[in-house]
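Have the structure open as you read.

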Amino acid sequence: MFFYFRLFIVIFLSTTLYSFSPNEISQAKSMLASNPSLLKSYENQKINQNNSQYGNINEKTNNNIPTNEINKNPFIQDKNNEQNNNYLNNTIETDINCTTDENNITRLNPLQYINNDEQLQKIKNQQFKIKEKKLQRYSKIFFQNTNQIIQNNIVTPTNYIINKGDIIKFWIYGATNVQQELEVDKRGNINIPQIGPVHIAGEKFGEVKDLLTNYLSSSYKNSKVVVDLNSFSTAQITVTGFVNSPGIYNTTSLSSVKDILIEAKGVSDVGSVRNIKVFRGKQLIDTIDYYHLFTQGQSHGDTVLQSGDVIHIPRAYGLITIDGEVNNPAIYEIEPGESLMHILHFAGGIKPTGYAKKIHVKRFNKNTYIDYLTLTQKQASHFIVKDGDEIYVGKLKKNNERYIEVIGNVINEGKKAIHNRKLKLSTFLHQQIINKRLDSFFLENTQLDYAMIKRIDKNLTPHVFHVNLEKVLKGEEDFTLHNRDQIYIFNNLDTKINPYVTIVDATTRDILQQQEILLQRIKLSEKIENQFPEIRNEMELFDTNISDGNYTSMYMDRINRIFQEANITKSKLLLQPGKFTYTKGMTLEDVINMAGIKRPFDTSRVKIVSQYKNKNDIKVNIVNYEKNKNYQLKPFDTIHLFDIRETSPVPMADIIGEVVKPGSYEITKAMTLKELIASAGGLTQKAYPKQCEVIRYHLENGERKKKIFNINMKDINNFIVQRYDEINIKKIPYWDDKKTITLEGEVKFPGEYIIHSGEKLSSVIQRAGGFTKEAFLYGAIFARQEIAKLQAKSLQHSLSKLKEQVVLASLRSSGSKSMGKISIGEGVSAVNSLIAEAQKVKPIGRISIHLTRDIKTFEKSSSNLTLKSGDTLFIPARNDTVIVSGEVMNPMALTYQGDGVQNYIHKCGGITELADSEHIFVLHANGEAEKASIGSYLFSSNDVKIKQGDVIMIPKKIMFERGIDIAGNIVDMVYKLTLTLASMRTVGAI
């Protein structure tokens, strides 16, 4: 069943729809875009009603007027105000809150339909949900710092305690230049030359510096002294507790606690950064809270360590998470009795988008149950946090907003302030309107008599109210607005059709109707092709020209003719036809002036088609424009202008033949034939000087009949031409273009010869000096152009017929039980290979003739042909060979010895396995052919006499794997192609 359905679709498309190539579809689209308004007249609505299954063209086509002056014409129908979609783009309008079509035109639609799933999703999107995400410790990033201490870059603090191993460096310059580096020894001394040992260990660097400066200054007079700590001693620090890398660290004696913790990769997940202990021996020398450093920049934790110090990281008292609308979500460490507000301060506070009246707390109580608490920001100041608390600050939602939203035809859409939960609409409008100017708030064309207000009431049910804005502004009525009400203000174009009038040429109506029907069919064609792409592929098997867009059907010819006529007549009379915005008081003269006149129209009859409102009926008025220019138009009127040359045509007469410019010409009253000839540019040199022919038409018993006059050329000044006369200026007999024939090869004077009508071949041979001694007359080739054309046409016809047989045979095999199925592709592939070979062959139009050296004898023979222009005669040189070609073991040219077919084939090694022994033929040098066979061991070959220059052809056997009843036709085609090629190769023509 599916096969028959597909077959029906293929046939349907081949006869109607696939007559449209991509070029024609593109042409139709551009034609409609250049003049679509002509398709929108009332008359064409009837076509749309009759073809409603294709969609209403008038309601789906945009009016794009191709002119650079469109924006200068205030009456042009603005395409942005159209309520129509572009049908060619297959756009289907869907109702949404603000529907946008393909031209970015937005229509207001507050009552959009939303299905259940979409509506539920829209509501659920407003739900408050705590989004859980993985947080990290507030201090973690700080301890990820990988900077290391570089001693040379550190300025020694004055309170640094000198240790054993430190190196003191001093410079003395002036009267004496000395530089020394002295290490503090195990006793805590440095040994200064000329001064002796000085004990400095355990002293502050500032004090040591002053001491040494005094010593050295007194010893080195008239010199200056600089003292510094050149290198620090090594300190061994122990790190214990909840730290990521506990252990012993060898570092400089200048390192602080935070330096060691950074090197130890920070505290563990539960380690404290707010209660770090530093022990020196058994004494607790410092307790550090790094939150002061993190949040306030206070330099806690800068205790200078000494070798042997211990840093202990206890477990944090408590850890809580703070997430949501805070500036720094993280895991925070708490101290006993600490409030939530204090921790929120560490988190950077609540964001402006956070909802401070609902802070959510999840608390784990005594490892037994979980409490969920909700706090305000004020309560957070007194709420004591506990270990494990999870704090979440939600985001402000729509129900937290206070506004009135204005949507639609206003200058500034959006949400407006409402300071009270209720507000009068009149008050609200006066707040928006500046200086009582409506255009300070509303856009043009606002529909003031209707607006819609949407509200979600206390019961959470949506309601719709409608108000009259004009009456509200006048104080005649009012409406109380509630918080979050939406006011929809419409443009008249959202709810009403923008009134217009249309002006077109009356002469284009019929063609435009045909255009519209064709465009509807194009739409159907495109839809079917998109849904059934495989049908296109099968269509191409029926006709390989489909993919190239070369169509020859009568239906396509008709479409092309309509397109051409439409392009010629898209607007004869008007510069700018189409739709114009209707305004009250618009007159006929207004529209004609706006459209612009290209050429004169019939002012005595202007047709105006009016459509009754809400009625499927029309009224036609014929108006005299000169007498009634101020004719008042109504919305949706269509004005038809008639070409004055069609309603009152100028008298015309036709003249053909030997005049300079044949054609149709205007004639005047009492115009003579001599004057008409002069109007056509005069006579040519070929004009017959004695007589011309005039055909004149007249009505007789209601029928148009003609009468023929033969006019003496001497009387043309007295012969009066009448309307519709057809004059034929004859050509002088035997005045014709040059006729030539070409002689090539073995004639004494080869070349091109001019011939006269009726001249014989023997005459030209004599003029060429006759044949040379080497002329091979038996192999002469006489070719005629018209014969070549017939041969080419016959060959093409045979190929086309063969292609049809392949398809039909395939269809028969698909329904036959006895025949194996043959794919269309297999047959078409074989035929296409033949076509490829045929395209390489150009028939020469050979006519077989028999020449003799005795011209007198030849003059009396049937081969003495009457010549035609373009004929060629090729006389080859003597040929003493016989060519064996095709399926033999060794194709070659053999010396002519008078043998038979079988002997020549035997000399070439015999035939191959692929040879078709039943279709062997001999092509004689004179162009004639004979069928031959090589016989068998019982029977001899056909008695075919071989002559000099002959060709013996052994074709290849053609077979189909599954068998097909057209194989014989293919063989026959190969036979014809081989004949043509061989006949040309025989005497060196190719």
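## Two buried tyrosines

Tyr138 and Tyr332 are both buried. Keep in mind that this is a predicted model. Counting ring pairs gives 14 aromatic pairs. One of them is Tyr138 with Tyr332, a tilted pair with centres 4.8 Å apart and 35° between the planes. Tyr138 sits in the loop between helix H5 (116-124) and helix H6 (140-143), while Tyr332 belongs to strand E14 (residues 330-334), so this pair ties together parts that are 194 residues apart in sequence.

The two tyrosines also belong to a cluster: ring pairs link Tyr138, Phe142, Tyr290, Tyr291, Phe294, Tyr332 and Phe346.

## Other ring contacts

Phe441 and Phe442 are both buried too.

Lys415 lies over the face of Tyr403, 4.6 Å from the ring centre. Arg704 puts its charged end over the ring of Tyr697, 3.7 Å from the centre.

## A five-strand sheet

Now for the sheet: five strands make an open sheet in the order E26-E25-E29-E27-E28, and the pairing is mixed. Strand E26 (578-581) and strand E28 (618-623) are at the edges with a single partner strand each, so one side of each has no neighbour in the sheet. From one strand to the next, the twist averages 20°.

Strand E27 (residues 606-611) pairs with E28 in the antiparallel sense, over six bridges. Ser610 has Lys619 in E28 as its bridge partner. Helix H18 (residues 588-595) lies across E25, E26, E27, E28 and E29, running at about 60° to E25.

Conventions: Residues numbered from 1 in each chain as written. Predicted model: local features only at pLDDT ≥ 70, side-chain atom pairs only at ≥ 80, totals over all residues. Heavy atoms only, no water. Phe/Tyr/Trp six-rings, centres within 6.5 Å; stacked < 30°, edge-to-face > 60°. Helix = DSSP H or I, 4+ residues; strand = E, 2+ residues; numbered from the N terminus. Buried < 20%, exposed > 50% of the residue type's maximum accessible area, 1.4 Å probe, protein only. Lys NZ or Arg CZ within 6 Å of the ring centre and 35° of its normal. Pairing = 2+ DSSP bridges. Axes fitted to C-alpha atoms, helices over the stretch in contact; angles between N-to-C directions. Contact = heavy atoms within 4.5 Å.
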